[in-house]
Amino acid sequence: MKRDFYDVLGVAKDADAEEIKKAYRKLARQYHPDVNKAADAEEKFKEVKEAYDVLSEPQKRAQYDRFGHQDPNQGFGGGGGFDASGMGGFGDIFDMFFGGGGRRANPNAPRKGADLQFGLSIDFTDAVFGKETDVEIPKEAECDTCLGSGAKPGTGVDTCKTCNGTGQQEVAANTPFGRIVNRRVCTTCEGKGKVFKEKCSSCRGSGRVKVRRKIHLNIPAGVDDGAQLRVSGEGEPGANGGPPGDLYVVLRVKSHEFFEREGNDIYCEVPLTYAQAALGDEIEVPTVDGRVKLKIPAGTQTETFFRLRGKGVPHLRGSGRGDQHVKVRVITPTKLSDKQRELLRELAELSGEKPGQHGGEDESFFEKMKRAFRGE
């Protein structure tokens, strides 16, 4: 009489699929003939496998719950049994649990090519307004001589005798847990599963050659330092007919001698004289669009900021632009004529100051003027 399948796996009748799977994994490791050398290990392993085959499949489980082993349409009690030797070893059972059901990766299956990264320096204004440009990218391409096969034209290709075309070698080792089989890439064919009678002289059997490819780039307005442009299909070529990878161009924006950028806003600093700050003026300020006029009110203090709306960086996504912020700095003259000194002393006396007649006193006066313009 067959044992109840739920008793075989040691789970309750209302156990879910995950509980059944965990119980099976534990018992399969315990009773696998490559690990357990007991006389009844193989029979127990077969029993565990049969129970799992039924209880892990919803339709079979429903039939079993209704009819048990007696259902004539299911044949749970018959059949030719289970040959543990077909598992191939303890390494295969771990592949079955954790490696996609024990299926080996096909070395000749199409594989996508590797992605490439390329750094490109652009000017500050190019990042603001965008630019179209051509760049040369060093990369690998399919060999024109052998059309990517790696074989000398006119010669054949043989199946690798080391791995029999699988692209993998099996190395067996006896351990305290039993005989473990490890797989690795075949060293003879490098995982291709085939060897050439004669290698292509141009690519030396790799099927690829180094080239420099000209790529046209459309740099959008508003990009910032570190931005990446993705160019689809311009990476390394794929293997076995697979698609090529992509090219990622990393932009490095050069610093500007006058402008600084924060987000979509631009900052700059312009000088003012005493007279311009005190009396007011209209000055010209550089922007990325050209010079514009900026009105300076009378009595402007040093390090005051003025905003030029819409003179910043265009928004990369969406419409509109940031602003330009202009900081004014009052410049203290270092060389004065006699007439200028006389006028400044007169100004000081009118303001209640009492400047001295010596150079040291004059320097003290200028320090006071600078502090005044700084708002101290």
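Reader: In the largest nonpolar core, which residues touch the most other members?

Author: A nonpolar core is a set of buried Ala, Val, Leu, Ile, Met, Phe, Trp, Tyr and Cys residues joined through side-chain atoms within 4.5 Å, where buried means under 20% relative accessible area with a 1.4 Å probe, protein chains only. In soluble globular proteins, nonpolar side chains tend to be buried together. Here the largest such core has 19 residues, and those touching the most other members are Phe-5, Leu-9, Val-11, Ile-20, Val-48, Leu-55 and Tyr-64. Two or more residues come from each of α1 (5–9), α2 (17–31) and α3 (41–55), while Ile-266, Cys-268, Val-288 and Val-328 are among the 17 residues of a second, separate core. This is a predicted model, in which local features need pLDDT of at least 70 and side-chain atom pairs count only at pLDDT 80 or more, whereas totals for chains, interfaces and linings use all residues. Residues are numbered from 1 along each chain as its sequence is written, and side-chain values use heavy atoms, with hydrogens and water left out.

Reader: What is the strand order of the open sheet?

Author: Strands are DSSP runs of E, at least two residues, numbered from the N terminus, and two of them pair if DSSP finds at least two bridges between them. The order of the 3 strands is β1-β9-β8, with mixed pairing. Because β1 (116–122) and β8 (228–231) are edge strands with a single partner each, one side of each lacks a neighbour in the sheet. β1 and β9 (residues 247–253) run parallel and are joined by 7 bridges, and Phe-118 has Val-249 of β9 as its bridge partner.

Notes. Buried < 20%, exposed > 50% of the residue type's maximum accessible area, 1.4 Å probe, protein only. Helix = DSSP H or I, 4+ residues; strand = E, 2+ residues; numbered from the N terminus.
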